[in-house]
Amino acid sequence: MSTDWKTKLLRPGKRAPEGFRSLTTAVTRASTTCFPSAADALYPRVAAQPYPYGLTLTETAAELAARICELEGGHDTLLTLGGKAPVVLIYMTFLRPGDHVLIPDSVYGPSMEFANDVLKGFGVEVEFYRATIGGEIEALIKPNTRLLWCESPGSVTMEVQDVRGMAEAAHRHGVIVALDNTWAAGVLFDAFEHGVDVTMQALTKYVGGHSDILMGSVTAKDPALFKTLKAMHRHLGYGSSPDDCSLALRGLQTLAIRLEAAEKAALKVAEWVATRPEVATVLHPALPSCPGHEFFKRDFKGACGLFSFVLQPHLTLEQACEFIDRLALFEVGFSWGGVVSLALAYDPATINPERRPDGVVVRLSIGLEAVDDLIADLEQAFADVPKA
Ligand SMILES: *Cc1c(COP(=O)(O)O)cnc(C)c1O
């Protein structure tokens, strides 16, 4: 071998001693992954390699996928850049032209947009159902129904779904059941135990936990479902950054205490908000005023820090925005599940007329600030809200 220093830069003779162990997962960045022999890189043998390419999997990503899979109790997990990508992955895996898909009318906005703008264009029959329909979903199932999408609680309006009842109905007709389990962070609701076939979550939210990564996961119940998802994951060119995976792995270490703190603080804020004359209803799954509260009580191990409330009908969208702008401790922004509290107003006109609330919806993500400071902040902002 050459002893030229330029070669030594790339092919060193001296290496760090083996046997290093720490409490963290190494960040293994890679496009190229190296094979033991030329024959190992030939198709179809290469497809059986655990690490055929950096986009498919790095060691850091494999570690995160394994942990998410173990927590959710599935067969195997795929990771994506961003939490929207799992939505696309599941739709693209299971739907073909002529298929019928059932999606709750409370679904995450970009999921609804994809169904309307892309799936319909591909000839998929898209039907939005009332989020609280429960077992009555059976009446909507047709011979060409392929996929039942669930999201519980629903985005913004927080309807808790009877996932078990819906899954039982779907399975009587061979329909695949998928769940966006982001609110429960994959741990507060046991999707597979309740009959779900494929789960997804935006790891961006509570698993990341610090508003600094964009990641998603898709977990399948069994090998057959996983195999088709994995093939589409490759077709779509999905992957994940090992640096982001390492931040998600760090997030997992404190997920339990962050969720506990968020649950406790958000409940206290929600109960206080419920006493305000400016507020018509509080939409927090753990409170009886939330649609589907009985399913929360039956099925969930706890709540996170995200909930909504509806302002009295006399208050305009503009007044709701002014209320939010008076808050000193709540930032205005998308995404949630981080350590800093967030507030957003939602125009009721954007909500399905059949279940449109009478007032403006305000959604809060409660962070790790002292809860009494958050309540005091809300109180000063409510003080200038026009009374009825
Ligand atoms: C945020 C969110 C997503 C998407 O995650 P991003 O990483 O922000 O793209 C998907 N589903 C739900 C319910 C979400 O709240």
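Predicted model: local features only at pLDDT ≥ 70, side-chain atom pairs only at ≥ 80, totals over all residues.

Biologist: What makes a space a cavity?

Modeller: On a 1 Å grid over the protein atoms alone, a cavity is a set of points where a 1.4 Å probe fits but cannot get out. Rolling a probe the size of a water molecule over the atoms shows where empty space is left.

Biologist: Which residues line the second largest cavity?

Modeller: Lining residues have an atom within 4 Å of a grid point. For the second largest cavity they are Leu306, Gly333, Ser335, Trp336, Leu342, Ala343, Leu344, Arg363 and Ser365. Two elements, β10 (342–346) and β11 (361–365), each give two or more residues to that lining. β10 has the largest share, with three residues. Helices (H or I, at least four residues) and strands (E, at least two) are DSSP runs, numbered from the N terminus.

Biologist: How is the lining of the second largest cavity divided by class?

Modeller: It has five nonpolar, three polar and one charged residues. Ala, Val, Leu, Ile, Met, Phe, Trp, Tyr, Cys and Pro count as nonpolar, Asp, Glu, Lys and Arg as charged, and the others, Gly among them, as polar.

Biologist: Ser335 was in that list. Why is Ser335 called partly exposed?

Modeller: Buried means under 20% relative accessible area, exposed means over 50%, and partly exposed is in between (1.4 Å probe, protein chains only). Ser335 has 29%, so it is partly exposed. This residue lies in the loop between α9 (317–326) and β10, and has a positive phi of about 70° although it is not a glycine.

Biologist: Is Ala185 buried or exposed?

Modeller: Its relative accessibility is 2%, so Ala185 counts as buried.

Biologist: And which peptide bonds are cis?

Modeller: One of them runs from Tyr43 to Pro44, with omega near 0°. Another joins Ser152 and Pro153, with omega of about -5°. Pro44 is in the loop between α1 (5–10) and α2 (59–72), while Pro153 lies in the loop between β4 and α5.

Biologist: Why is Ser155 called buried?

Modeller: Ser155 has a relative accessible area of 17%, so it counts as buried. Its place is the loop between β4 (145–151) and α5 (163–171).

Biologist: What makes a polar contact between the side chains of Ser155 and Glu151?

Modeller: A polar contact is a pair of N or O atoms within 3.5 Å; within protein, one must be able to donate a hydrogen and the other to accept it, and residues adjacent in sequence count only if both atoms are side-chain atoms. The side chains of Ser155 and Glu151 make such a contact at 2.6 Å. Thr145, in strand β4, has a side-chain contact of 2.7 Å with His100. The Thr145 side chain also reaches the backbone nitrogen of Lys142 at 2.7 Å.

Biologist: Which polar atoms lie by the ligand?

Modeller: A polar backbone atom of Gly83 is 2.7 Å from a ligand oxygen, and a polar side-chain atom of Asp180 is 2.7 Å from a ligand nitrogen. Trp336, which also lines the second largest cavity, has a polar side-chain atom 3.3 Å from a ligand oxygen.

Key. Residues numbered from 1 in each chain as written. Heavy atoms only, no water. 1 Å grid on protein atoms, 1.4 Å probe; cavity = no way out; pocket = protein on both sides within 12 Å on 5 of 7 lines; lining within 4 Å.
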